Every structure is written in C-alpha cells, then in structure tokens.
Amino acid sequence: MEEEILIKAQDKKNKNEILLYLLNNKGKYVSGEELSEKLNVTRTAIWKHINGFKKLGYEIDSVPRLGYCLKSSPDILYPEEIWKDEELKFLGNKIYYYESIGSTNEKAKILAINGEPHGTLILSEKQTMGKGRMGRKWESPKNEGIWLSIILRPNLSPEEAPKITLVAAVACARAIRKLGINCAIKWPNDILYEEKKLAGILTEISAEIDRINHVIVGVGINVNTKKFTGELESIATSLYLIKEEPVDRKKILIDFLKEFEYFYSKLEKGNFQDVLKEWKALNCTIGRNVKIIGKTKEIEGIAFDIDGFGALLIRKNDGSVERILSGDVSLR
Ligand code: BT5
C-alpha cells in the first residue's frame, strides 16, 4: 500500500510567524510577551505552536521569565525553512509538504489539474513509488535526499517544454557546485559526478496541440545517502559520499529554488540563449562519443551541440546529423 502522510499544505501568505521569528532569532531567548505583541497572538496560541514545533523535532528551550530559545532545527524540509528566505518570488508560494508519498510528480499532476497555481512546490521526505523516465523507478529513501516537484504554467508551446528540463538541470548543477562539487550535466536529465548519478530530473507535460496546460518538473537529488545497494551501487552517488560528511539539505534546496527562479525567468523573458550558454558551460555530453538508446532505434556518433530547443545534435560516423529529442545517452 502506498502511504501518504501530509504534514502541511500552506500558502506563503499564511506562514507561521512564530516559527519564523524563532528561526530568525536562533540561539536567543525571546519572551512570550515579545512574541505575543509583535505577532499579535495569544500566549496560549504561542505555547500550542511551540509544542507542535517540538513534536516536529525543533529543539526549543522554555525558561520562565526568559522565554523561548530555538536551539536546533531538525533535518526536515519544513516550508517555513524555505519561506524564511525572502528572495523567492513565485516558487513555493504554495507548498505541499509530505512525510511520505507515492510520487511527488504524480501528486503534482493531480494538484495541477485541480488548479493549484504556477510555482506550487510539492516536497516529500520519502517516496514509496518515486518515478524515473519511461516507467523506471527512482529510489527516494526517507530524509536522505531532496525529492520535489514544481507545478509550472508556462507560456510556451509544447515543443519548447524540454527547455524547462535544461533550466532545472542548470539550477541543480549550480546549487550543487556551490558546495565545491564539480558535477556536470549529462543530456538530457542527469547530474553526474565522476560519471555517477547524483541527481535526476523528470519533466512531464500536459498539453493540447499548440498550448501547454501545465508542466511538472520533478527533481531528485541524493544528499545524505550513505550507501547504495544493488544496481545503484555502481551507478549512483550522493553529496555525502562525495564530501564525506553530512550536507545541509535545506541549503541545497533553497539554492536550487533560487537558481531555478533565476533561469526560469530568463526563459520566460525569451532569453533562452542565456540558459543554453550556462548549460553548455556545465555539461559533460557535448564533444563526446555517445550512444543514444531511443524507443525504436540506437544511434552512435559525436554529440556536437544542442539546438535552440534543447535537442541534442549528433554527427554520425557517415557524417549525417541527427536531432535527438529524447532518449538515454551513454557516454563512450
Ligand atoms: C530520472 O530518470 O533520472 C528522473 C528521476 C526523477 C526523480 C524525481 S524525485 C521527485 C520527483 N517525483 C518522482 O516520482 N520523480 C521525480 P531516469 O533517467 O529514467 O533514471 C532512472 C534510473 O536511475 C533508474 O532506472 C536507476 O537505474 C537509477 N536510479 C534510481 N534511483 C536512483 C537514485 N536515487 N540515484 C541515482 N540513480 C538512481
């Protein structure tokens, strides 16, 4: 049975100001009186909320006369952790946060059909049926990674949708590189480190012939996985395994969201060239001998460029050029 545990579904407008106040004053005592005056809430309400945060794993000291002091935050991707950063404009204005779910992409699809707005973010600590492309499985163990989906309602034609995968790949690679990890993008949807997969992207679209209804971008980043087993042992890696120490998931998540907004806004303004330029600077596919395994055929040759739609251009051994829109690439 697929378990679904929703912790919170909330608009940024209604964010929990008490938690934000504590987060912004971490390590300091704030009195109940101060909280109640500044935030216009009763002392009883504050007390109730504080107990709720403690249940989530926030370590909060309460000392008579001194007040409350947030000592440490749990390693969870709680929405207020994202909202405490004021920089995001549309991404995460609404957040669905799960402890467990089948697949964030599947949930996002339902929410998109129900009319949830552009930029809605679906996050889960764990996926029981995480999806890769073409019916493949994405391992998403609890608290070990970032498993998210974004609902987008872009003003693009359906054939431009692959551009969004490139935006997500650039954002993901840049967020990871901030840790000093020299990862690279493998066309179309992988983030690799030393040829091992660190993150994957699954873009799904709902469209009519000439119009996109919505796009769901799913991103999975292996953060603190200590060990991969079975098939994944030789092909997957995590930030923990690279850095040899635990990595703060909240920071990666926030960095990713900021980068995504930045490059997505380029796309929206018609500056896709800027995305492409960055993609090219971060990729490990162009210039390589590749084999593309498509649904119906295999193609071998040199990947020499991507075009203005994000399609991969391959020069085959006979000199002819193929334009690849989707498929699995193996680097030779
Ligand atoms: C992908 O597919 O790389 C897309 C992965 C997208 C996952 C996110 S998580 C949040 C959102 N909700 C979802 O349900 N999905 C998205 P693909 O290129 O088809 O790669 C899948 C293959 O990667 C599998 O067949 C495995 O070989 C391998 N794999 C599975 N789990 C992995 C992991 N955690 N890390 C690295 N490789 C993995």
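This is a predicted model: local features need pLDDT of at least 70, side-chain atom pairs count only at pLDDT 80 or more; totals for chains, interfaces and linings use all residues.
**The H6–H8 helix pair**

Two packed helices are described by the angle between their axes and the distance between the axes. Here the pair is helix H6, residues 162-177, and helix H8, residues 249-268. Their axes come within 8 Å and cross at roughly 140°. H6 passes H8 in a right-handed crossing.

Which residues of H6 make the contact? They are Lys163, Ile164, Val167, Ala168, Val170, Ala171, Cys172, Arg174 and Ala175. H8 contributes Ile252, Asp255, Phe256, Glu259, Phe260, Phe263, Tyr264 and Leu267. By class, the contact of H6 with H8 has 13 nonpolar residues, 4 charged residues and no polar ones.

**The loop between S8 and S9**

Strand S8 spans 184-186 and strand S9 spans 190-193. The loop between S8 and S9 holds Pro188. A cis peptide bond joins Trp187 and Pro188, with omega at about -5°. Most peptide bonds are trans.

Asn189 sits in this loop too. Is Asn189 buried or exposed? Asn189 has a relative accessible area of 5%, so it counts as buried, the limit being under 20%. The side chain of Asn189 reaches the backbone oxygen of Ile201 at 2.8 Å. Beyond four places in sequence, Asn189 touches Arg133, Thr165, Ala199, Gly200 and Ile201. Asn189 and Ala199 are 10 residues apart in sequence. Their C-alpha atoms are 8.4 Å apart in space.

**Two lysines with glutamate partners**

Lys107 is part of helix H5, residues 104-113. Its relative accessible area is 15%, so Lys107 is buried. The side chains of Lys107 and Glu4 are joined by a polar contact of 3.1 Å. Apart from neighbours within four places in sequence, Lys107 contacts Glu4, Tyr98, Ile101 and Ile122.

Lys291 belongs to strand S12, residues 289-293. Which side chain does Lys291 join in a polar contact of 3.5 Å? The partner is Glu298. Setting aside residues up to four places away in sequence, Lys291 touches Glu298, Ile299, Glu300, Asp328, Val329, Ser330 and Arg332.

| Residue | Partner | Distance |
|---|---|---|
| Lys107, side chain | Glu4, side chain | 3.1 Å |
| Lys291, side chain | Glu298, side chain | 3.5 Å |

**Positive phi**

Most residues other than glycine have a negative phi. What is phi in Arg65? Phi of Arg65 is near 75°, a positive value in a residue other than glycine. Arg65 lies in the loop between strand S3 (59-63) and strand S4 (67-72). Arg65 has a relative accessible area of 86%, so it counts as exposed.

Glu195 has a positive phi as well, near 70°. Where is Glu195 found? Glu195 is in the loop between S9 and strand S10 (196-208). With a relative accessible area of 52%, Glu195 is exposed, because the limit is over 50%.

Conventions: Residues are numbered from 1 along each chain as its sequence is written. Side-chain values use heavy atoms; hydrogens and water are left out. Helices (H or I, at least four residues) and strands (E, at least two) are DSSP runs, numbered from the N terminus. Buried means under 20% relative accessible area, exposed over 50%, partly exposed in between (1.4 Å probe, protein chains only). Contact means heavy atoms within 4.5 Å. A polar contact is a pair of N or O atoms within 3.5 Å; within protein, one must be able to donate a hydrogen and the other to accept it, and residues adjacent in sequence count only if both atoms are side-chain atoms. Axes are lines fitted to C-alpha atoms, for helices over the stretch in contact, and angles run from 0 to 180 degrees between N-to-C directions. A crossing is left-handed if the near helix is turned anticlockwise from the far one by less than a right angle, and right-handed if clockwise. Ala, Val, Leu, Ile, Met, Phe, Trp, Tyr, Cys and Pro count as nonpolar, Asp, Glu, Lys and Arg as charged, and the others, Gly among them, as polar.
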